[in-house]
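Please look through the sequence and the model before reading each solution.

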Amino acid sequence: MVTETLNIAKKTDSSSESQNEELIISSGETTIIIGANGSGKTRLAVYIEELLGDKAHRIAAHRALTLKSDIQKITEDKAKKALKYGDNWCDDPRYRIGYRWHDAPNVALLDDFDKLLQYLFAEQTNIAIDVYQSNISGEPIDLKKSKLYQLKEAWEVLLPHRVLNITGDNIYVSTLIQGSQRYLASDMSDGERAIFYILGQVLSANENSILIFDEPELHIHKSIISNLWDKVEELRPDCAFIMITHDIEFASTRSAKKYIIRNYYPDPAWNITAMPDSKFDEQTITLILGSRKPILFVEGENNSLDIEIYRHCYPEWTIISKGSCKDVIQAVSSLEKLNEDMPLLNLKCAGIVDRDTREQSEIEHLNSLNIQVLPVSEIENIFSLTSIAAEILKLDGYQNSELDEKLAEYKKKLLSFIKDNLKDSNLDKFVIKRTQRKIDKYLKEIDLSENQSGNDMKNLLISKVNDLTNNQIEKWISEMKNEIESCFTHEDINKLLEIYENKGGLLNKTASILRGTKKDNFIDWLMRHLKNQNSELLQVIKQNLPNINM
């Protein structure tokens, strides 16, 4: 079994002094290092390989997966040395950088599939000869599975509709479909070859090796990747694994010690940090620490229109959706706490939430927490603001008096649509829904902490509830109705959009009035313009969204 302690020099952009991050690598355990492209992942893999010397076996991200059917057979000893150290068949790791990596360990194409096959066939041949000779001489037979046969078993578990047919000097693939033709292993798909290659490298490694895989998820379908690495860890419990990746989804599925690298310095040193315990789910914390941008938490889901808007309007931020307003507030607070616990991270964050029914005092409180509030009830309403509607009309060729006429027509039709939706019982439902939020907030803010007795607490609570039922609820309902009526009286679309919410319906009406189309087509058209950072429409939208300080 193997246990190694690696001290990796670490520092940040804000500090020229290096510290050490201690990585303890043990048999049967996996360590995952996550980083964005350009963060120095491959340089770290090379560095660790050099630190570990003969104990390490590194599989580069830049690897050739051409599988030949007619490779030349050589001795097992030569094949093993060539696979591990390169073409000169030496067994000294000092020569590995020249003969295996061609003096370019960071960028060299690892082209060793032939060597892997030569070793697997040679090892199988020697086992077969030993069994044959024992049988001929009548000695007890030590029947063990060759590495190539172990590979076959694992490969067929991972790809249950395929069968590897191994002869003395070749490999074929067949399917379980009756009457189907078998084909040479050289005609395997990229995924089939990648799985074969990884299993072969793992099985061929020396006992108690530390296997370093750079981008282990390459060429492998997401439905198989987790099962593959479960199988790899099962096959070699004597080995330790270091996986270096930028694939957050892959990293989050693995049970492992995890580190994030955010930058590389030529000392050499890395901005490397162990993934801490936090209130975030693992995928979110991985994304946070792996990002080179400040973090902006927003309401919504990952597949929502909201996220697309924020990504285009705040390209200098990493956008993370957190569902509800409460979740956004908690996320910003938790990340601030993470910064306090780990100042080397130097992470910047902010939040944006919907306006809902917030009063100015609540907005100011959220601003003090570095959480901004939208100028409209919900993000979709942003496209219905008059300044943005005017820009959309300009893109369709309207200008001067014609533009003014179309904009006046737009305001009239949209006001009529909202008014129709807020008639009679619909108005009552809308007002009650928003009043419920005020009631919830009111009850949560009742402070009973300073009461000296149970009776004091009871009396205060009764007093507050009586005030709520006798005064506040009617007052809020009246204020809300008056505010809505005032918007209609003054034809104040923008003020109405602070209050009114109609998920999907309002945007659909806006699309119909402005461009004579349905919501989905309208969204596609908007996204095409938002992808252009020089778009005037994008600039006007940005002007209406909160300005967030870095």
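**Exercise 1.** How many bridges join strand β4 to β8, and do the two run parallel or antiparallel?

*Solution.* The model is a predicted one: local features need pLDDT of at least 70, side-chain atom pairs count only at pLDDT 80 or more, and totals for chains, interfaces and linings use all residues. Residues are numbered from 1 along each chain as its sequence is written, and side-chain values use heavy atoms, with hydrogens and water left out.

Step 1. Helices (H or I, at least four residues) and strands (E, at least two) are DSSP runs, numbered from the N terminus. Two strands pair if DSSP finds at least two bridges between them.

Step 2. Strand β4 (residues 56-59) and β8 are joined by 4 bridges and run parallel. Within this pairing, R58 has I212 of β8 as its bridge partner.

Step 3. On to the next neighbour: 5 bridges connect β8 with strand β9 (residues 240-245), again in parallel. Here D214 is partnered by I244 of β9.

**Exercise 2.** Why is strand β8 described as largely enclosed by the rest of the structure?

*Solution.* Step 1. Buried means under 20% relative accessible area, exposed over 50%, and partly exposed in between (1.4 Å probe, protein chains only).

Step 1. In β8 (residues 210-214), 5 of the 5 residues are buried, so the strand is largely enclosed by the rest of the structure.

Step 2. In a regular strand the side chains alternate between the two faces of the sheet. In β8, I210, I212 and D214 lie on one side and L211 and F213 on the other, and both faces are covered.

**Exercise 3.** Which residues line the second largest cavity?

*Solution.* Step 1. On a 1 Å grid over the protein atoms alone, a cavity is a set of points where a 1.4 Å probe fits but cannot get out; lining residues have an atom within 4 Å of a point.

Step 1. The lining consists of H57, K80, L83, K84, Q201, S204, A205 and N206. Helix α2 provides the largest share, 3 residues.

Step 2. In α2 (residues 76-85), the buried residues include K80, L83 and K84. Just after α2, G86 takes a positive phi of about 120 degrees.

**Exercise 4.** Where is D103 found, and is D103 buried or exposed?

*Solution.* Step 1. D103 belongs to the loop between α3 and α4. Although not a glycine, D103 has a positive phi of about 60 degrees.

Step 1. The relative accessibility of D103 is 62%, so D103 counts as exposed.

Step 2. N370 also has a positive phi, of about 65 degrees, without being a glycine; N370 sits in the loop between α12 and β15 (371-373). With 24% relative accessibility, N370 counts as partly exposed.

**Exercise 5.** Which peptide bond is cis, with omega near 10 degrees?

*Solution.* The cis bond runs from D267 to P268. P268 is located in the loop between β10 (257-265) and β11 (269-274).

How values were computed. On a 1 Å grid over the protein atoms alone, a cavity is a set of points where a 1.4 Å probe fits but cannot get out, and a pocket is an open set with protein on both sides within 12 Å along at least five of seven lines; lining residues have an atom within 4 Å of a point.
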